[in-house]
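Subject: Structure handover

Hello,

Here is the structure for your records. My notes on it follow below.

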Amino acid sequence: MDPKVIRGTSCWLGVDALRSVIMLFVMAAFLGYIMVWIMMPTNTFWLHWLPDIHAKTDSKYFGQQGANLLVYTFPVLLIATLGCLYLHLGKKCVDHDIDENSRWALWKRPVLVKGTLGIVSWIELSFLSMFFVLLVWSVSAYLHGMFANITRQSAAKMGVQVWEAKLESAALMLGLVGNICLAFLFFPVTRGSSVLRLISLTSESSIKYHIWLGHIVMTLFTAHGLCYIIFWAATHQSSEMLTWDEIGVSNVAGELALLSGLAMWATSFSRIRQKIFELFFYTHHLYILFIVFFVLHVGISYSCIMLPGFYLFLIDRYLRFLQSQQRVRLVAARLLPCEAVELNFSKASGLNYTPTSTLFINVPSISKLQWHPFTITSNSNTDPEKVSVVIKSEGSWSSTLYCKLSSPSLIEHLEVSIEGPYGPTSTNFLRHDMLVMVSGGSGITPFISIIRELLFRANRMSSKTPRVLLISAFKKSLDVAMLDLLLPVSGTTSDISQLQLQIEVYVTRETEPTRENQKLLRTIWFNFKPNTLDVPVSAILGPNSWLWLGTIMSSSFVIFLLIIGILTRYYIQPIDHNTNMIYSYSARSALNMLLMCVSISMPATAAFLWNKKQATKEMRQIQNTAAPTPTTSPGSWFYNADRELEAFPHQSFVEATKVHYGERPNLRRIISECAGSSVGVLVSGPRKMRQEVAAICSSGLADNLHFESISFNW
């Protein structure tokens with residue numbers, strides 16, 4: 001055997017063994033963290049475990065906050081940091097990641113298709129059921145422990161009736177259970193999270209969990225507030241609503257937090273979110289007030305329960321802020337006749353991303369606050385110098401962008417900021433024998449990068465690639481021009497015959513192609529003048545982003561502990577004497593929040609500036625010029641099928657394409673007839689289309705179907 005192969009194999013085995021060890025530590029920390037949540041509502045936890053922990057950890061440096069940091073915050077940050085190291089090492093054994101994902105294939109099949117929860121797989125239903133059991137257990141355990149101590153005598157000592165005492169206990173219970181959901185609320189919206197990647201999720205695919213948790217959180221917290229208001233009214237203590245105690249719970253802060261949450265909740269329902277997206281988007285920035293007043297309401301020590309998820313979110317949010325302050329180099333744009341525009345950005349050579357990755361884009365001239373996610377259609381292998389996204393003119397923001405670019409007055413430069421790219425850590429679709437990709441309208445964009453990746457692997461890597469069936473449904477024949485994007489401009493030399501590709505196109509609202517449309521099917525290219533201040537698209541933390549992220553997490557937490565320890569020992573402790581009864585809770589909470597932000601910003605800024613310096617050195621070696629791009633291109637290759645083979649490089653795609661007019665695809669028949677031991681069924685499009693495909697894959701017609709949905713319809 002070749003010595004290089006032996007060394008490579010042994011290296012791979014060593015990395016794989018190290019990753020297994022790391023995963024064991026992660027699982028141990030996770031099980032310990034879950035055990036805390038299970039035991040938390042019990043008397044055993046409050047009367048035995050927690051006092052013992054406090055006795056061993058309470059000190060002049062951290063006080064009672066130290067125990068909560070150890071029990072609630074440290075395990076999650078340890079998991080996230082180890083996850084970064086695990087993912088960094090995983091770059092060397094991508095094929096192993098594919099094998100790991102295949103183990104969960106059966107559990108990822110949809111079990112619920114329609115309903116308020118949307119499409120839910122077996123594994124999602126299992127975790128949802130376990131989380132529901134945890135909530136029910138917490139409610140019952142808290143109520144059992146609280147009600148056991150309420151008697152007529154104890155209620156009389158408090159000056160209330162028994163039902164009023166129980167109402168107050170129930171109100172407290174609702175707040176405690178709501179904190180469980182709040183602790184997990186920010187994990188799904190942490191885009192660069194290592195925790196999500198450990199379980200093969202991205203922020204885009206897990207946003208529905210944030211929605212579910214948000215509804216539960218606000219239901220519990222609203223009931224929590226209403227119960228206290230009823231209790232105060234019944235016991236003639238309405239003045240309690242206006243109290244802001246220096247020591248203990250601040251009612252005014254809780255009310256302000258609840259009002260902020262209610263404003264977000266009211267605008268987050270799907271009808272408002274989809275029809276008036278701007279209202280939802282701007283109102284959701286009230287999460288800052290919600291968190292600040294929540295911490296002021298319960299105190300920083302108890303806030304450690306929800307701190308880890310929000311801490312990771314803060315790191316991610318600050319890194320996104322640093323990246324968004326840069327203007328990226330927009331090289332060229334391509335206007336498609338279906339009112340879609342392809343934006344082409346310059347890319348740093350060290351940036352690699354997986355198919356179906358997303359990019360969040362902001363155009364300050366349209367809106368300085370709005371960020372919109374778009375699937376990257378380019379491929380880091382076939383398009384080494386650019387990153388491309390396609391934006392269909394559908395909403396107000398995208399329509400304004402298209403009108404701006406298609407206006408008669410030529411735009412020489414367009415300022416654009418980006419966040420990302422974000423995407424899965426591995427290409428799971430490669431494990432299948434056949435891929436069935438079902439798209440509706442602009443839903444074809446995620447599949448463009450997949451097809452380009454398969455073309456690259458089939459031509460350059462000589463590896464086995466799955467057979468591909470692309471089913472695309474469009475309303476009008478003009479929209480068929482989206483298929484022009486399947487091949488990169490620089491990738492037409494690829495041998496398309498190496499990939500077994502079949503394309504079935506359905507034009508649902510036209511019975512035949514019109515001559516007018518054939519004349520209009522012209523795409524227009526134009527270049528933008530380079531700006532010296534613009535930078536290529538690059539990873540915010542460079543090629544070793546996971547390693548840098550783990551360093552930021554661990555170092556920022558150590559800095560936070562050091563500053564808090566010094567502050568508590570030499571400023572708070574001489575005043576409070578470790579009693580938690582003298583120094584203001586609000587002042588302590590405000591100081592902790594401020595120092596937390598400082599602790600995160602220091603290492604994050606240092607890492608960002610270091611990687612920016614390295615990227616600048618690389619940029620100096622690249623000429624600040626754009627590659628020549630045609631100002632116009634031939635019409636859609638679909639309408640030029642009669643050209644000669646020598647004159648048309650896309651002829652192989654034309655031969656693989658069949659267009660059906662005036663009909664919709666019979667998805668049940670097409671999918672059930674697909675042969676192969678493993679058939680990956682990917683769908684991207686309207687909700688009804690995704691539900692129909694999910695129903696087919698979960699119906700039991702075939703055991704070889706593996707469903708995956710790609711959607712941005714939040």
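This is a predicted model: local features need pLDDT of at least 70, side-chain atom pairs count only at pLDDT 80 or more; totals for chains, interfaces and linings use all residues.

In which sense do strand 5 and strand 8 pair, and over how many bridges? The two strands are antiparallel, and four bridges connect them.

Five of the five residues of strand 5 (residues 358–362) are buried, so the strand is largely enclosed by the rest of the structure.

Helix 15 covers residues 307–324, 18 residues in total. From first C-alpha to last it reaches 25 Å, close to the expected 26 Å. Because 15 of its 18 residues are buried, helix 15 is largely enclosed by the rest of the structure.

S303 belongs to helix 14 (residues 300–303). With a relative accessibility of 2%, S303 counts as buried, since the cut-off is under 20%. Its side chain reaches the backbone oxygen of G299 at 2.7 Å. Leaving aside neighbours within four places in sequence, S303 is in contact with F294, V295 and V298.

On salt bridges, the whole structure has eleven. The ones I looked at:

- E412 and K529, with the closest N and O atoms 3.6 Å apart. This pair links distant parts of the chain, 117 residues apart: E412 sits in the loop between helix 16 (396–406) and strand 8, and K529 in the loop between strand 12 (522–527) and helix 19 (545–576). E412 is partly exposed at 45% relative accessibility, and K529 is exposed at 51%.
- R457 and E453, at 2.8 Å between the closest N and O atoms. They are four residues apart in helix 17 (residues 445–461), which means a separation of about one helical turn. Both R457 and E453 are buried.
- R669 and E673, at 3.7 Å from N to O. R669 is partly exposed with a relative accessible area of 40%, and E673 is exposed with 55%.
- R191, D316, R320 and E419, which are linked in a network of salt bridges.

Lastly, P686 is in the loop between strand 15 (679–684) and helix 23 (687–698). P686 is partly exposed, at 44% relative accessible area. Its C-alpha is 9.6 Å from that of S442, a residue 244 positions away along the chain.

Regards

Note on methods:
Residues are numbered from 1 along each chain as its sequence is written. Side-chain values use heavy atoms; hydrogens and water are left out. The expected span of a helix is 1.5 Å times one less than its number of residues. Buried means under 20% relative accessible area, exposed over 50%, partly exposed in between (1.4 Å probe, protein chains only). A polar contact is a pair of N or O atoms within 3.5 Å; within protein, one must be able to donate a hydrogen and the other to accept it, and residues adjacent in sequence count only if both atoms are side-chain atoms. Contact means heavy atoms within 4.5 Å. Two strands pair if DSSP finds at least two bridges between them. A salt bridge is a side-chain nitrogen of Lys or Arg within 4 Å of a carboxyl oxygen of Asp or Glu.
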